[in-house]
Amino acid sequence: MQPTRPRRNRMRGKHAPEKQAESPKPTKTRAKRPTPRSPSPYKGAPLDQLRQWFASKGWTPYAFQEEAWAAYARGDSGLIHVPTGAGKTYAAYIGPLADVAEHNQKGLQILYLTPLRAVSRDVEQALREPLMALDADLEVESRTGDTSSSVRQRQRERLPQVLITTPESLSLLLTQEQAAENFASLRAVIVDEWHELLASKRGTQVELALARLRHFAPGLRIWALSATLANLGEAARTIVGTDRKPTLVSADLQRPVDVETLLPEEVDTFPWAGHLGFSMLPRVADWLDPTQSTLLFTNTRSQAERWFEGLRFLRPEWEHLLALHHGSIDREERERVEGGLKDGSLRLVVCTSSLDLGVDFGPVERVIQIGSPKGIGRTLQRAGRSAHRPGATCRILFVPTHALELVEMAAARDAIARREVEPRTPLSKPLDVLAQHLVTCALGGGFTREALRDEVRTATSYASLTDEEFDQALTLVREGGPTLRAYPEFRRVVEVDGRFRVPDVRLARLHRLNIGTITSDASVQLRYWSGGTLGTVEESYVSRLKPGDTFLFAGRRLEFSRFKDMTAYVKPAKAKATQTPRWGGSRLPLSTSLASAMRRTLEAARQGDVTRDEVAAAWPILDAQARLSRIPGDRRCLAETCRTRDGYHLFLYPFEGRLVHEGMAALLALRLTRLQKATFSLSVNDYGLELLTSTPFPFDEALRPALFTREHLVEDILESVNLSELARRQFRDIARVAGLVMPGLPGARKSTRQVQASAALLYDVFVKYDPDNLLLRQARREVLEHQFEQGRLARTLERLEAHPVEVVHVHRPSPLGFPLVVERISASVSNESLLDRVQRLKERWSQADARPA
């Protein structure tokens, strides 16, 4: 439980918001030992003093908080899972803080790990507040990429008792020669927003770091915090490691979620992605109330830029209340926006996932989601940003960007009511992360083979790691593998007297500069010619710009001038901006929970249930779908066949998300060509897939259960796609994480093209001379798991094989098929705009519909 600002009594009931809502403080904070002239008003043992401090704030601890403190006192580790705003931070922190105050020792005692460095400022303020109750001289500091060099230098000599940091900064601390000494005094680690890390390589990086910390401090207690997890047991086991049993602390504290959808005045029976988009802008502006603080979430940074510009144009009188926030904007500007939200000077902020996690903006009362959130956990997380108080109702407004998203939003409302949150599954022993960790440990005092191998196996994701796999990873960092041993730059780790270390100062510096598992195109800094930094965009975007091109960034109209030394120089644009930067990896696939809910929603509509507002608003589309074809059901998958001037079409609607459909389209195309020679063009979206061929094809005969068999699934996928090229692309990221390819030192950074060329060369060398290389195998596995969601694809095939496909012949693509046609033509080269081509299709097919049967 955390205090609100004294000047605004926002306390409701007996608890305060989870995170402190104040302006950011300096990185270093210190609570001095009380002097005789100002004695602490709190008496007794440290935990008693902290209870009195709670009482002085008008708070009564929840039962789950008492349970967490008792579990810590017993020496337990585990997971605290309660709704957002209920007090997870103090549930995890008060027990360790009382322990630290009682022993009053120097050195690092509590480590607080957060996935977002921006959150560290709020966390630091929250962790500093209870120190006033303790008769102890304790320091609370942050250590992130935003920490000044002077503070970092001081921390190399002496760490505070309480340190807030990120996974990447923790790994950097583990590279210090005195790492074992620095962390030997550690008593507790708190990992915030565990659901955000769990199913990613960052989560694996945290697992390995925690295994290292348990080695340095055998009595260490580790607690993870989360509000939106389904697989609690697995999540708890993963955070504590294989050598101990986790404790799960949870509470039946419900925060009601009030879901509303902003319905369009009319819908087009030819729906396609984005076509509603800006037509909803005036309605959103009318709905907004500048007296109520509101976050407007978008799924991409480009979309955030466009909606911010649109609102500013439509409501110029809101200029001083309106702001934009996303991860590519310069840190100072992000901090200004966060501060404005907290003090109430900014009331309307358009943002991305950069404000999803952790940061508490007490004044925020409402949340808007532009477009489908694509997942239930994400929806609950964003809804929880509003009214961030225990028991307070979360309010979220859905705004569709195309008409079929109305059905998604009705499905999301249903899934939220059922609390159908998606599980987060940890990765299985990614060896590129292990290779990076080996170099980290070699820098941080060195290691012996057997000891580190056994230590790594205590990380749940590496519990099944074989001796052979560990030795292959070790060989990789010692010499680059059997094919690269002649090149000194790949000899990063050297064995001296049975202990592995990094003797090369340059390689050590390179490793520290490139540590982490987040990979993307090289970032280019945006600067004004006159000075001043705006933020970063991807190099791949800047490389396509010509001098004089105008674009929107950070809410400003900019004109591109010059690109030099990985810096793009710009100036304010006088002309209207013609484009918005696009960042890679921004398409979110439909989650398992939302996909299942959408099939249920369509089944209900098929049976005539249009009682939900969103379904009623979408009924013109669903009615047209029913008249031309069928509304898809929950159990039987709908397939449509038709002939147009483009050729012979098969449309299939599994409703399993874009990634699954990409794999399925390639798989079905391969299996169909085994029945009859044909060449297929493929198109996919979250709802289904299209196969198009120029020659007649017996789709009716082919759509049998045997077509969807899971037998030889992997072999058929490998044959159906250009796995070599996909694995080559995946290998680039793996090679970066493993340290085989690095962007370089400051002042000599490699371009994205240079990094990609280096990775491609290594890939070709491994394929030719070391085909069993562990990183090649990982690249192929990641393509299957991440590119096509192999496990989910197998479950989808099982569903389609068990229930006959419902085949309907249509005279032109149905409302569900039309977006797939648009998806395909948008990828083709034409001197017509996409809008013009779509309009021609609509006119042609509308005329066909009007002809007598």
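This is a predicted model: local features need pLDDT of at least 70, side-chain atom pairs count only at pLDDT 80 or more; totals for chains, interfaces and linings use all residues.
Let's start with a pair of helices: the axes of helix H16 (residues 431–443) and helix H19 (residues 505–513) come within 11 Å and cross at roughly 125 degrees. Axes here are lines fitted to C-alpha atoms, for helices over the stretch in contact, with angles from 0 to 180 degrees between N-to-C directions. H16 is therefore oblique to H19 (under 35 degrees is roughly parallel, over 145 roughly antiparallel, 65 to 115 roughly perpendicular, and the rest oblique). Who touches whom?

Residues are numbered from 1 along each chain as its sequence is written, and side-chain values use heavy atoms, leaving out hydrogens and water.

Now for the strands. Helices (H or I, at least four residues) and strands (E, at least two) are DSSP runs, numbered from the N terminus. Strand E24 (residues 681–684) runs antiparallel to strand E25 (residues 689–693), and four bridges join them; strands pair if DSSP finds at least two bridges between them. E24 and E25 make a hairpin with four residues between them, and Val-684 sits opposite Leu-689 of E25.

Zoom out, and you'll find an open sheet of five strands with mixed pairing, in the order E24-E25-E23-E22-E26. At its edges are E24 and strand E26 (806–809), each pairing on one side only. From one strand to the next, the twist averages 20 degrees.
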